[in-house]
Amino acid sequence: MTIFTTFADHIDVALNTLIDEGLLPSDIDRSNVTIEPPRDASHGDISTNAAMVLSKAAKKNPREIAQALAVQLEQIASVTEVEIAGPGFINMRLDNMVWRDEMLEIAKRGDDYGRAPTKTGKTINVEYVSTNPTGPLHMGHCRGAVVGDALATILEFAGNDVIKEYYINDAGGQVDTLSRSAYLRYLEALGRDIGEIEDGLYPGDYLIPVGKRLAEKYGDKYADAPEGDWLVLFREEAVDDMMDMIRADLSLLGIKHDVFASEAALHVEGKADIAEKWLRDNDLVYDGVLEKPKGKTIDDWEPVTLPLFRSTQFGDDQDRPIKKSNGQWTYFGADLAYHYQKSESADALINIWGADHAGTVKRIKAAVSAMTQGKTDFDIKLVQMVRLLRGGEPVKMSKRSGSFITLKDVIDEVGKDVVRFTMLTRKADAQMDFDFAKVVEASKDNPVFYVQYAHARICSTIRKALDEDIVPSDKKLELLEDEEYALVKEASNFSRLVEAAAKTREPHRIAFYLNDLASALHSHWNLGNDRPEKRFILAQDKDKSAARLFMAAQIAQVLKNGLKLMGVEAAEAM
């Protein structure tokens, strides 16, 4: 239970009383009633819009409902003042004992403060990264990786069972290209002159070790063999090497998936055929002819009968083929089968995709809705690309990769924590600049530094106090003043923000919250620069110092818990 859920219960009881008194109808919908802090802290500690959102259904003036509700809320022991604002908002001020109790709750729960006290009983599959296994991860993959991983952690913290999944696109033309590219490096390792790597193949140096390993393993067995003898074998070997590289890159970000699902295995195991049969049995796939592409003149176009998914029944603009004319599965068909497989082990599915996949969202949502008969919650979060800068100028490409900046290059330069935190400082669907110079600045304009410094500052202060024989203590919390309580009130928002981030599936909310909490801490600290009596350590008043340090320790705990959700270390010294 949080302060806000406790007051949600109080307001429910008060509304029940108004129903008993005949002011509200018994079946009134309360789903839009909110309980949250006022936007302006000077207005109080808890605010509710109950009177506003219930007035229309009750056919009453909102202030009439607010006045009746205020009478009920004034009877709550911890409420010291109830005020009706504007057309009917209700603001409440709480006794300081509420905030003292919250500090004790933070201290009691420690690393679990903010964690849902009970499980939801829901299993959520979060699929993220899922880049083609054709090379090392680059910064185009980084943002989705961090967003997906942080979201999975938040969902688990909010009481869900979470499956973190990576879908390996190891079937299709791109892995055949990988196989041919690896074969060239294999020949090179055998001493052959491969000349310039032709267009269409992968030129990156990262395939040189792959070629060397293949040469050591197979010798010159395939040096002059026809492609049919080595294509599949080298494809499997190269994909395995690429996935080892990708796992290593992800580990640098602190990311570990629970499941790696193979598209190739999906087909080998007949899962796609099973999905197609189910869809045909339920009249969701039929054999039909696609319309000729509009606005184009194609001289050799001929109508071809293909298996089509009835995606127009679910909001798509046309039915979509699940197989090509040669019998191979389309990307859409393979994705359809893959999601059918995922839905068998999860109540909800979340995909983290790059914004360049926006055009396929409608059709895959239609497919999942059809296959699960609307029972599986399915959400797709689109993540915008990141523009890399150095001092405002675009960064040059990496020689190792051939055409992009690798994730490893960036982490080696600025560190995991900087990368992860920065990726969460904006909404996932908003454009982002990553400037190597700015993300390592030791300034308040750099949110990574600003939040970590807040935690380190508290840790440093407590170490200094211990050296002076002052120990944080909850024995005299009544000595705390308004400024200290303001910090505790901000910290008490953490559990509510975790719930909101999980519900909306927006991990950036945690980063925004931590920045607000760090700002409050730094502002409070700065009071002591001009007013010595506001400092955390008062040599002449050890009791008040001990209380302030106990309070500070709880702020540090909340900062630590929030940073952990983001996969970022809570620095103890900087």
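Okay, so before anything else: when I say buried, I mean under 20% relative accessible area. This is a predicted model, by the way.

Let's start with cysteines. Cys142 has a relative accessible area of 1%, so by that cut-off Cys142 is buried. Cys459 comes in at 15%, and that counts as buried too. How many disulfides do we get? The count is zero.

Now, the aromatic rings. There are 17 aromatic pairs in the count. Take Tyr183 and Tyr186: their ring centres are 5.7 Å apart, with 35 degrees between the planes, which makes the pair tilted. Why does about one helical turn separate these two? Because Tyr183 and Tyr186 are three residues apart in helix 6, which covers residues 173-189. Both are buried, with Tyr183 at 10% relative accessibility and Tyr186 at 0%.

Compare that with Phe434 and Phe436. Here the pair is edge-to-face, 5.5 Å centre to centre, and the planes sit at 85 degrees. Phe434 is buried at 0% relative accessible area, and Phe436 is buried at 5%.

Tyr183 and Tyr186 belong to a cluster linked by ring pairs, along with Tyr218, Tyr222, Trp230 and Phe234. Have a look at that one on the screen.

Which ring does the charged end of Arg390 sit over? That would be Phe436, with the charged end 4.4 Å from the ring centre. So Phe436 has Phe434 as an edge-to-face partner and Arg390 over its ring. Elsewhere, Arg496 lies over the face of Phe4, at 5.2 Å from the ring centre.

That's it from me, thanks!

How values were computed: Residues numbered from 1 in each chain as written. Predicted model: local features only at pLDDT ≥ 70, side-chain atom pairs only at ≥ 80, totals over all residues. Heavy atoms only, no water. Disulfide = S-S within 2.5 Å. Buried < 20%, exposed > 50% of the residue type's maximum accessible area, 1.4 Å probe, protein only. Phe/Tyr/Trp six-rings, centres within 6.5 Å; stacked < 30°, edge-to-face > 60°. Helix = DSSP H or I, 4+ residues; strand = E, 2+ residues; numbered from the N terminus. Lys NZ or Arg CZ within 6 Å of the ring centre and 35° of its normal.
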